[in-house]
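Have the structure open beside you as you read.

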Amino acid sequence: VTQATEDLLRDAARQVLGALVRRGADFAAAEDAVQEALLEANLRWPQTGTPAQPTAWLTTVARHKLVDAQRADAARRQRERLVAAEPPAGPTEQGDDTLLLLFLCCHPALSPTAAVPLTLRAVGGLTTRQISAAYLLPEATIAQRISRAKRVIAEQELNRPGDVSVVLRVLYLIFNEAYTAGASRVDLAVEAIRLTRLLYESCPEPEVGGLLALMLLHHARRFARVDENGMLVPLDEQDRSKWDRPMIAEGVRVLTAALAHDRHGEYQAQAAVAALHDDAASAEETDWPQILAWYDELVDLTGNPLAELSRAVAVGEVAGPLAGLRSVDAAQQRLPDYPRLLAVRAHLHSRAGDNARAAELFALAARRAPSTAERDHLLKRAAQARLAVTRASS
Amino acid sequence: MRRSGRTGREEPAMPKYLLLKHYNGGPEPAGFPPMSEWTPDEITAHIKFQQDTGRMLTESGEFVDAQAASPDGAWVRYGGPDSAPVVIDGPFPETKELIAGWFLIDVESERRAYEVAAHVSSAPGPGGKPIYEWIEVRPLLTAPPTVE
């Protein structure tokens, strides 16, 4: 199956599922049916060629699968006939269907470990195998998470409106914890952007635009973020000619439209910070006072101590590293055992010219780093700081 | 990732933990006799427990891998240019440090990882009683967050 066909198939899968669910089919059963239809298409289309009307093909197969599964279940048969009698959905209904599916898959009753794979499968149209490869997990484990998630959803009262903030949190997670290693063909960051775009098309909430912008404005830097050895390159050392300018332009457009609603939120604020970084022609030209202002707003909006820590870096740039360190002290009271706090402290000491202290703290931070990429980067910073100490004393 | 601003702690949503089973190792010896001295039924019960634990973790959607390692092995290192690898055959006297096997799990929180480790440690030994084996719990390093 070619990439174009796969994309088409996955869009169709979501639409078929949305239509089935909206017309009263049981979510868990319909999701299974669509997944089976998807597998069948993956198997058959390479031989038969892509059907002229892929969505109609998938709908028919999924309905057959659904009927097969429910044949024994007489009580459901009546509902199934109703489903079959409904006319196809128009574009607006498709948007509503996507929203409905996202609200189901990102139900507040689900933990992220359950909501993430369910969303990727039911809305993203990925197979269990693709999801398991992307997360470096056995297929059976992902299959089990999905079926458990569907059982949880079946027990919920679904008459309340969904919670957009929970959907955004799940999409953010998919984006932020995007493993790129392994033989997986699935790029989770791309998947997250794709899903957020779908939500953006069907939901006018400014924070949806904020999250989409945040993703685009970060994803635009993906080729500059790691060097040829897989080492992380910090923002101030990135080759800005590798940044994806059209993607930045789109991110800025989406963000500007979101901010125009004048209902700011944490994603808009984070996206604004990203936009200011992306807008600087060089690290020296970064508009730190504006970034600091957005971090002030982010802290006000969320009360999140992690935002305070990010703010401390900006304080260091605007008011000097010693002021930055005082901000870290304040953040530390609420983040006593947070691994990345050491890295920020080390960075500020290095900015203050105290390389001996920086070397010590970078080494400590490397020990506590939650990822190999960060660990390796911090080890390198520690080595650079040590070298600076040696040079100064010789 | 930022799981939520409420907890103020940043943990990946899907962290993996390695639960290492050290043969009688740990902060203090668990003090059970070696398996070679157990009765056949005690051994069967112990093995069944390991299998059941694997199944339980698969059903809960937390299983990644489980392996047992042979106590026989070798220490190997680079022998230098144009030289064969240096090999020292095991088993080694310091069996306290021997890794008998592991469970690799993918769970929601550190707390849950500790819960699973405690369960693994409750495996039955002589007389069907829990062996109270020490389990070393090590988080695996993850991918870096995408959001800088």
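## Where the two chains meet

In this predicted model, 12 residue pairs are in polar contact between chain A and chain B, with both partners at pLDDT 80 or more.

The size of an interface is often given as the accessible area lost when the parts come together. Here the area buried between chain A and chain B is about 3,400 Å², and carbon and sulfur atoms give 54% of that area.

## Salt bridges, between chains and within

Which side chains form the salt bridge between the chains? The count between chain A and chain B is one, and you can find it where the side chain of A:R145 meets that of B:D106, at 2.8 Å from N to O.

Over all chains, the structure holds 33 salt bridges. One of them joins the side chains of A:R222 and A:D244, at 3.6 Å from N to O. This pair links distant parts of the chain, as the two residues are 22 apart: A:R222 sits in helix α12 (residues 222-225), while A:D244 lies in the loop between α12 and α13 (245-259).

## A helix pair in chain A

Two packed helices are described by the angle between their axes and the distance between the axes. In chain A, the axes of α9 (residues 164-176) and α14 (residues 266-279) come within 12 Å and cross at roughly 35 degrees.

From α9, the residues A:L168, A:R169 and A:Y172 meet A:E266, A:Y267 and A:Q270 of α14. By class, this contact has three nonpolar, one polar and two charged residues.

## How confident is the prediction?

For the complex, the predictor gives an ipTM of 0.80 and a pTM of 0.86. Chain B has a mean pLDDT of 85, with 85% of its residues at 70 or more.

Within chain B, confidence is highest in helix α2 (residues 110-121), at 96, and lowest in strand β4 (residues 86-89), at a mean of 89. Over residues 1-10 of chain B, the pLDDT is below 50; this stretch has 27 contacts in the model beyond near neighbours in sequence.

Technical notes. Residues are numbered from 1 along each chain as its sequence is written. Chains are lettered from A and ligands numbered from 1 in the order in which they are written. Side-chain values use heavy atoms; hydrogens and water are left out. Axes are lines fitted to C-alpha atoms, for helices over the stretch in contact, and angles run from 0 to 180 degrees between N-to-C directions. Helices (H or I, at least four residues) and strands (E, at least two) are DSSP runs, numbered from the N terminus. Contact means heavy atoms within 4.5 Å. Ala, Val, Leu, Ile, Met, Phe, Trp, Tyr, Cys and Pro count as nonpolar, Asp, Glu, Lys and Arg as charged, and the others, Gly among them, as polar. pLDDT is the predictor's confidence in each residue, from 0 to 100. Buried area is the accessible area (1.4 Å probe) that two parts lose on being put together, summed over both. A salt bridge is a side-chain nitrogen of Lys or Arg within 4 Å of a carboxyl oxygen of Asp or Glu. A polar contact is a pair of N or O atoms within 3.5 Å; within protein, one must be able to donate a hydrogen and the other to accept it, and residues adjacent in sequence count only if both atoms are side-chain atoms.
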